[in-house]
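Colleague: Please take a close look at one part of this model: the packing between its elements. Which residues make the contacts, and where do they sit?

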Amino acid sequence: ERQLSAVEDLALLRAAIEELPPKCRQVFLLSRVKQMTYPQIARHCGISVKMVEKHISHALAICAQKVGGDDFEPS
């Protein structure tokens with residue numbers, strides 16, 4: 001049952017990532033998959049570090065909401 005729940009959560013997470021705006025998705029994946037630092041991502045994408053932080057924050061909130069349910073409130 002736990003394994004099935006994990007598989008379902010992973011599918012929800014993938015769907016949430018696919019639904020992110022393109023730049024937000026790119027920044028999030030560079031951070032989480034390529035393990036780039038925020039300054040590296042900022043240089044790579046031609047945006048500020050503050051904008052990287054905003055994209056990551058937005059992506060995390062959306063992903064948590066999709067996987068964690070509608071009652072999730074980002075801090």
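Modeller: The crossing of H1 and H4 is right-handed. This is a predicted model. Helix H1 covers residues 2–19 and helix H4 covers residues 49–68. Their axes lie 9 Å apart, at an angle of about 145°. From H1, the contact takes Asp-9, Leu-12, Leu-13, Ala-16, Ile-17 and Glu-19. From H4 come Cys-63, Lys-66 and Val-67. By class, that gives six nonpolar residues, three charged and no polar ones.

Asp-9 belongs to helix H1. Its relative accessible area is 31%. Buried would need under 20%, and exposed over 50%. Asp-9 therefore counts as partly exposed. Lys-50 is 41 residues away from Asp-9 in sequence. In space, the two C-alpha atoms are 29 Å apart.

Now the fold around that pair. The protein chain has four helices and zero strands. Read from the N terminus, the order is α-α-α-α. The C-alpha trace spans about 45 × 25 × 20 Å along its principal axes. Of the 75 residues in the chain, 23% are buried. Take contacts between residues at least 6 apart in sequence: 46% of them join residues at least 24 apart.

Next, H3 against H4. Their axes come within 8 Å and cross at roughly 105°. That makes H3 roughly perpendicular to H4. H3 brings Tyr-38, Pro-39, Ile-41 and Ala-42 to the contact. H4 answers with Val-49, Val-52, Glu-53 and Ile-56. Seven of these residues are nonpolar, one is charged and none is polar.

Then H2 against H3. Helix H2 runs over residues 22–32, and helix H3 over residues 38–45. The two axes come within 10 Å and cross at roughly 140°. H2 is therefore oblique to H3. The crossing is right-handed. On the H2 side, Lys-23, Gln-26, Val-27, Leu-30, Ser-31 and Arg-32 take part. On the H3 side, the partners are Tyr-38, Ile-41, His-44 and Cys-45. The classes here are five nonpolar, three polar and two charged.

Tyr-38 sits in helix H3. It takes part in the contact with H2 and in the contact with H4. Beyond four places in sequence, Tyr-38 touches Ser-31, Arg-32, Val-49, Val-52, Glu-53 and Ile-56. At 28% relative accessible area, Tyr-38 is partly exposed. Ala-61 is 23 residues from Tyr-38 in sequence and 18 Å from it in space, C-alpha to C-alpha.

What lies at the core? The largest nonpolar core holds 14 residues. Val-27, Phe-28, Ile-41 and Val-52 touch the most other members. H1, H2, H3 and H4 each give two or more residues to this core. In soluble globular proteins, nonpolar side chains tend to be buried together.

Start with Val-27, one of those four core residues. Set aside its neighbours within four places in sequence. Val-27 then contacts Ile-41, Cys-45, Ile-47, Val-52, His-55 and Ile-56. Among these partners, Ile-41 and Val-52 are also listed with Val-27 as residues that touch the most other core members.

Ile-56 lies in helix H4. Its relative accessibility is 2%, so Ile-56 counts as buried. Not counting residues up to four places away, Ile-56 touches Val-27, Phe-28, Ser-31, Arg-32 and Tyr-38. Phe-28 is another of the residues with the most core contacts. Leu-29 is 27 residues from Ile-56 in sequence, yet the C-alpha atoms are 9.3 Å apart.

His-55 is also found in helix H4. Its relative accessibility is 14%, under the 20% cut-off. His-55 therefore counts as buried. With residues up to four places away left out, His-55 touches Lys-23, Cys-24, Val-27 and Ile-47.

Ile-56 is buried at 2%, whereas Tyr-38 is partly exposed at 28%.

How values were computed. Residues are numbered from 1 along each chain as its sequence is written. This is a predicted model: local features need pLDDT of at least 70, side-chain atom pairs count only at pLDDT 80 or more; totals for chains, interfaces and linings use all residues. Side-chain values use heavy atoms; hydrogens and water are left out. Axes are lines fitted to C-alpha atoms, for helices over the stretch in contact, and angles run from 0 to 180 degrees between N-to-C directions. Angles under 35 degrees count as roughly parallel, over 145 as roughly antiparallel, 65 to 115 as roughly perpendicular and the rest as oblique. A crossing is left-handed if the near helix is turned anticlockwise from the far one by less than a right angle, and right-handed if clockwise. Contact means heavy atoms within 4.5 Å. Ala, Val, Leu, Ile, Met, Phe, Trp, Tyr, Cys and Pro count as nonpolar, Asp, Glu, Lys and Arg as charged, and the others, Gly among them, as polar. A nonpolar core is a set of buried Ala, Val, Leu, Ile, Met, Phe, Trp, Tyr and Cys residues joined through side-chain atoms within 4.5 Å. Buried means under 20% relative accessible area, exposed over 50%, partly exposed in between (1.4 Å probe, protein chains only).
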